[in-house]
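Here's a quick tour of a protein model, looking at a pocket and then at some aromatic rings. Have the structure open as you read.

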Amino acid sequence: MFFKAAAGLAVLCIMSTGFVLIYDFITQCDYFNAKSLTITGNHMFSDKQIISQTDLKKGVNIFSVNLSTVQKRLQAHPWIEEAEISRELPSAITIRIKEHEAVAIVDFGRRFLINNKGEIFKEWSSGDPGILPVINGLRYSDISITPKLRSHGSGKSNMALYMKERSNPFNAVMDVLRLGQRAESVLPNKLISKIMVDREIGITIYAFSKIKEIKLGYENYADKYDLLKKVLLYIKNINNFQDLVSIDLNNFNRVVVNLAR
């Protein structure tokens, strides 16, 4: 019995040593050195910036790369929502990333970027896109944040945001932003400078250059956008937006147009 156990242990040691030698051979063999690195899904950043984030070296052996570690390095970047990395035999590495799509800046005194899911994913900095609608009037408790930012920012008092059902003011803002993403939108997001939230009155939009305010209130935004399109066409034909101060669409059945004295 003793000899059988000893023989089994010896075989196990020999096999383990063999696997180590095979692994060393594969991870040091020039045949498996990366000759190409393919990156897809990046729009905000160049391939060079993505490679720098991965910390991969030129010509690295593809079997020596810890895919999980590289994935975590990529996902640690605030702009990267998802990342996948894979080996392509015999000598290629493929990286697929999905970046956050920033749709607006929410201003709490400090400014943060929100994505198309309505989540805060990073604090706005000077290097980030600046031509985005700025949202004023929301509270920290209205907003969701990405799980990644929540785990990174849990120690910051201002980032201890609450995860609960989104508020009506926040849902109203997201409805307006989604309408502004449509190709045929009368109020495209790129032309909106500010979205003001009044918790009692609703949403007011600041857009274009000749209209100071567009008051939308709450609810029926798709119908109000269709009505606004007709109103703007009518005003353009008779007034060409001269002295136009505001358009009030709070009451869907009554449009109020205010002109400057």
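Let's start with the second largest pocket, which has a volume of about 150 Å³. Keep in mind that this is a predicted model. Who lines the pocket? Leu179, Arg182, Glu184, Ser185, Val186, Ala222, Tyr225, Asp226 and Lys229 do. Helix H6 (residues 221-238) brings the largest share of that lining, with four residues.

Now for the rings. How many aromatic pairs does a search of the whole structure find? It turns up three. One to zoom in on is Trp79 with Phe121: the ring centres are 5.0 Å apart and the planes sit at 70°, over the 60 degrees cut-off, so this pair counts as edge-to-face. Trp79 is in the loop between helix H3 (67-75) and strand S2 (80-88), while Phe121 belongs to strand S6 (residues 119-123), so the contact ties together parts that are 42 residues apart in sequence. Buried or exposed, these two? Both Trp79 and Phe121 are buried.

Elsewhere, Phe108, Phe112 and Tyr140 are linked by ring pairs into a cluster. There's a charge over a ring to look at too: Lys194 lies over the face of Tyr206, 4.7 Å from the ring centre.

| Contact | Distance |
|---|---|
| Trp79 and Phe121 | 5.0 Å between ring centres |
| Lys194 over Tyr206 | 4.7 Å from the ring centre |

Definitions and conventions. Residues are numbered from 1 along each chain as its sequence is written. This is a predicted model: local features need pLDDT of at least 70, side-chain atom pairs count only at pLDDT 80 or more; totals for chains, interfaces and linings use all residues. Side-chain values use heavy atoms; hydrogens and water are left out. Rings of Phe, Tyr and Trp (its six-membered ring) pair if their centres lie within 6.5 Å; planes under 30 degrees apart count as stacked, over 60 as edge-to-face and the rest as tilted. Helices (H or I, at least four residues) and strands (E, at least two) are DSSP runs, numbered from the N terminus. Buried means under 20% relative accessible area, exposed over 50%, partly exposed in between (1.4 Å probe, protein chains only). A charge sits over a ring if NZ of Lys or CZ of Arg is within 6 Å of the ring centre and within 35 degrees of the ring normal. On a 1 Å grid over the protein atoms alone, a cavity is a set of points where a 1.4 Å probe fits but cannot get out, and a pocket is an open set with protein on both sides within 12 Å along at least five of seven lines; lining residues have an atom within 4 Å of a point. Grid points are joined across faces, edges and corners, and a volume is the space filled by probe spheres set on the points.
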